[in-house]
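Hello,

Here is the structure for you to look over. My notes follow below it.

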Amino acid sequence: MTTTLNIRWDGTAPGLQEHRISLGLWLKPLSLLLKAVRRTATGILTEAIDDPQYGAGGGRLHKIAKGLDLEIVAIKDGCVQVEAAFALEPPVGQLGLDYDDLIKRTAVRVVKSIERESRGEVSNYLVRQFLEALPSEVEIQQYQVVHNGNVVAATDVEELRLPEIPAELPTLKRLTGRVIGVSFDEGKESVSIKADGRSTTLKATLEQVECALNLRDSEIEAMVVSGDRARLVWLKVKDGSTRMPTEKHLETD
């Protein structure tokens, strides 16, 4: 059983009209495409294995996904049409996995991510990097996943509209330090905390401001949402057991 990714690129990029692929021009996007394939396979495997902490350290590829490859088996006429076959050498001792199904699901998910990213929906950052790395003169893109002779996923990209990602996505952080200031101004309530030698001002509820004021002489721990609109989730005396206020105050505007 075989799964292939059939790609058609059309436009005025150098080499397309001559049905040629320049390594200097295409090596980076093709390398990113392979990374996206391996990362996608890692996600599928992580969902399947009985280890919720797998990959918790971030960045690791599953050892099976590392063995997944894309092999160009044909470059056809008609601008540039690439037929790339998925190849995987099953590792010794890995039983109970349907490798053909893994390859098929990975290919389908990658093509669906290409479709979503190309119309401005955040889906897969490596797929986004692949699309960004393509020559700007590529005007039409077509992708098909063919499994055992049947097309199981396909998308056409005629207008690339990649999503705009904020400079800093909101993340949860735990701070340990001291309260150095508060503001009771209506609609602008805030708490300022000094931690690790840096001062941070956080949007807060009135109840949080009052709690922070009561803790101004204590070393505190706080959970905060960082980013352009940093805000306080909860705070408590360091090593204490009571959070004031609780997570119910995590709210969106």
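The side chain touches or its residue touches E117, V122, S123, L162, P163 and I165, leaving out residues up to four places away in sequence (contact means heavy atoms within 4.5 Å). This is a predicted model: local features need pLDDT of at least 70, side-chain atom pairs count only at pLDDT 80 or more, and totals for chains, interfaces and linings use all residues. Residues are numbered from 1 along each chain as its sequence is written, and side-chain values use heavy atoms, without hydrogens or water.

R128 sits in helix α4 (residues 125-133). Helices (H or I, at least four residues) and strands (E, at least two) are DSSP runs, numbered from the N terminus. Is R128 buried or exposed? R128 counts as buried because its relative accessibility is 11%; buried means under 20% relative accessible area, exposed over 50%, and partly exposed in between (1.4 Å probe, protein chains only). The side chains of R128 and E117 are joined by a polar contact of 2.8 Å. A polar contact is a pair of N or O atoms within 3.5 Å; within protein, one must be able to donate a hydrogen and the other to accept it, and residues adjacent in sequence count only if both atoms are side-chain atoms.

Buried residues in α3 include E117, along with Y99, L102, I103 and S118. The 20 residues of α3 (residues 99-118) should span 28 Å at 1.5 Å a residue, and the end C-alpha atoms are 28 Å apart, so the two agree. The expected span is 1.5 Å times one less than the number of residues. D98 caps the N-terminal end of α3, with a side-chain oxygen 3.2 Å from the backbone nitrogen of D100. Just after α3, G120 has a positive phi of about 90 degrees.

Two loop residues other than glycine also have positive phi. For N148, phi is near 55 degrees. N148 lies in the loop between β4 (138-147) and β5 (150-157). N148 counts as partly exposed because its relative accessibility is 36%. For D196, phi is about 55 degrees. The loop between β7 (190-195) and β8 (198-203) holds D196. At 74% relative accessibility, D196 counts as exposed.

Next, G15. G15 is in the loop between β1 (3-11) and α1 (23-48). At 16% relative accessibility, G15 counts as buried. Where does C79 lie relative to G15? The two are 64 residues apart in sequence and 8.5 Å apart in space, C-alpha to C-alpha. G15 is in contact with R20 and V80, leaving aside neighbours within four places in sequence.

L213 is in helix α5 (residues 206-214) and counts as partly exposed at 31% relative accessibility.

Finally, the whole chain. The protein chain has five helices and 10 strands. Of its 253 residues, 40% count as buried. Among contacts between residues at least 6 apart in sequence, 57% join residues at least 24 apart.

Best wishes
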